[in-house]
Amino acid sequence: MIMIAFGMLLTAAAFGAFAYAGALAAMTYWAAVPALEDSPTPQAPPIAILIGAAALIGAVCALRGASAETLAIVAAMVGVLTAIWCVDVTRGIVPDALTLVPLLALLIAGLLTGRWYVLLAAIVPAIPFAIMAWRTKGLGLGWGDVKLVALGGALLGMQTAILAFAPAAVAAILLAR
């Protein structure tokens with residue numbers, strides 16, 4: 001029992017560290033990038049909350065007995081998603097380096113291991129978001145959101161991604177009107 005608790009704490013700390021690293025990278029590397037003209041007012045990202053949420057995700061993954069490979073992938077994505085959140089909140093952009101690079105890595109890994117459905121899982125949930133970004137000319141819902149949904153699809157799988165992102169797409173449509 002003590003080993004399980006220690007493993008959970010260690011994993012939670014590692015996930016929190018990945019989130020902190022993502023926030024730090026976002027605040028240093030993208031600090032010089034000017035905010036887009038039509039982006040919302042820049043805000044301070046809730047870094048402490050993001051780190052706490054990442055630690056909670058790590059603890060839950062450890063409690064569920066996730067493999068070391070799964071923990072590594074999820075921890076890396078927690079860092080990337082934290083960086084995306086911080087850049088989006090402060091600059092109003094979702095950088096290609098934070099979406100397309102991990103997406104490409106997941107697609108290549110999927111294809112090399114015979115999981116061709118990862119490609120479909122990335123494309124299908126992104127289609128409604130791409131249509132909205134195209135129709136609204138990027139106002140409110142831009143191409144960064146499309147890339148983020150494609151990344152989410154590759155990570156979560158098509159069914160889970162559609163269930164997770166469908167309410168977001170409906171909300172975006174309602175807000176755009």
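Val78 is buried, with 11% relative accessible area. For that word, the cut-offs are: buried under 20%, exposed over 50%, partly exposed in between, with a 1.4 Å probe and protein chains only. Val78 sits in helix 3; helices here are DSSP runs of H or I, at least four residues, numbered from the N terminus.

Ground rules. This is a predicted model, where local features need pLDDT of at least 70, side-chain atom pairs count only at pLDDT 80 or more, and totals for chains, interfaces and linings use all residues. Residues are numbered from 1 along each chain as its sequence is written, and side-chain values use heavy atoms, with hydrogens and water left out.

Next, the pocket. The pocket is an open set of points on a 1 Å grid over the protein atoms alone, where a 1.4 Å probe fits and protein lies on both sides within 12 Å along at least five of seven lines; a lining residue has an atom within 4 Å of a point.

Who lines the largest pocket? There are 50 residues, and Leu81, Ile84, Leu148, Leu151 and Gly152 lie nearest the centre. Helix 3, residues 68–91, joins helix 2 (47–63), helix 4 (96–112), helix 5 and helix 6 (143–156) here, each supplying at least two lining residues. The largest share, 12 residues, belongs to helix 3. By class, the lining holds 32 nonpolar, 12 polar and six charged residues. Nonpolar covers Ala, Val, Leu, Ile, Met, Phe, Trp, Tyr, Cys and Pro; charged covers Asp, Glu, Lys and Arg; the others, Gly among them, are polar.

Now the outside. A nonpolar surface patch has about 1200 Å² of accessible area together, and its members include Trp116, Tyr117, Ile123, Trp134 and Trp143. Members of such a patch have over 30% relative accessible area and no salt bridge, with nonpolar side chains (Val, Leu, Ile, Met, Phe, Trp, Tyr) joined within 5 Å. Areas are Shrake-Rupley with a 1.4 Å probe, and for residues only the protein chains shown count as cover. Which helix gives the most to this patch? Helix 5, residues 117–135, with eight residues. Ile123 is found in that helix and is partly exposed, at 42% relative accessible area.

How many salt bridges does a search of the whole structure find? One. The side chains of Asp96 and Lys147 meet, 2.1 Å from N to O. The criterion is a side-chain nitrogen of Lys or Arg within 4 Å of a carboxyl oxygen of Asp or Glu. Asp96 lies in helix 4 and Lys147 in helix 6, so this pair ties together parts 51 residues apart in sequence. Asp96 is partly exposed, at 43%. Lys147 counts as buried, at 16%.

Staying in helix 6: Val146 lies there as well. Val146 is buried, with 11% relative accessible area. Its C-alpha is 9.8 Å from that of Val94, 52 residues away along the chain.

Last, two loops. Pro42 lies between helix 1 (2–29) and helix 2. Pro42 is partly exposed, at 49%. Pro42 and Thr90 are 48 residues apart in sequence, yet 4.5 Å apart in space, C-alpha to C-alpha. Gly114 is in the loop between helix 4 and helix 5. Gly114 counts as exposed, at 52%. From Gly114 to Met158 the C-alpha separation is 16 Å, across 44 residues of chain.

Notes:
Patches are made of residues with over 30% relative accessible area and no salt bridge: like charges are joined within 9 Å, nonpolar side chains (Val, Leu, Ile, Met, Phe, Trp, Tyr) within 5 Å.
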